[in-house]
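Please open the model in your viewer and keep the sequence beside it, and then follow the stops below in order.

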Amino acid sequence: QVQLVESGGGLVQAGGSLRLSCAASGRISSIDAMGWYRQAPGKQREVVAVISSGGTTNYPDSVKGRFTISRDNAKNTVYLQMNSLKPEDTAVYYCKANLRITGYYYWGQGTQVTVSS
């Protein structure tokens, strides 16, 4: 079992910044890639950023250059630095952890990010 707890969401004006954190506990040694996803009302959940166990990152074009994912393995925490936020970034942001070998994955409970225009 892996538990993920997100924090750092909130209300920010367009152009502002937020930093999300996701603290992992449980079977930490089994975690491979981690990522951030978001889901806006009436829309499907979409990937925002992914980071491999080796630190390789990937972003969709919608956030590339504005968002940065990082992980601190010593603290078992993954971060999402979000800059130049836009109203369309408004969503519930979820942390996801993928396990090695089994392919199982776990989700956090989500944190709301609201960007006002």
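Which two residues form a disulfide, and how far apart are their sulfur atoms? Select Cys22 and Cys95, which form the disulfide with sulfur atoms 2.1 Å apart, a disulfide being a pair of cysteine sulfur atoms within 2.5 Å. A search of the whole structure finds one such link.

Before moving on, note that this is a predicted model, in which local features need pLDDT of at least 70 and side-chain atom pairs count only at pLDDT 80 or more, while totals for chains, interfaces and linings use all residues. Residues are numbered from 1 along each chain as its sequence is written, and side-chain values use heavy atoms, with hydrogens and water left out.

Look along the S-S bond of Cys22 and Cys95, where the angle of -80 degrees makes the link left-handed.

Next, select the four strands of the open antiparallel sheet, whose order is β1-β3-β8-β7; two strands pair if DSSP finds at least two bridges between them. β1 (2–7) and β7 (67–72) stand at the edges with a single partner strand each, so one side of each is left without a neighbour in the sheet.

Finally, show β3 with strand β8 (residues 77–82), which pair in the antiparallel sense over six bridges, and find Ser21 opposite Tyr79 in β8.

Notes:
Helix = DSSP H or I, 4+ residues; strand = E, 2+ residues; numbered from the N terminus.
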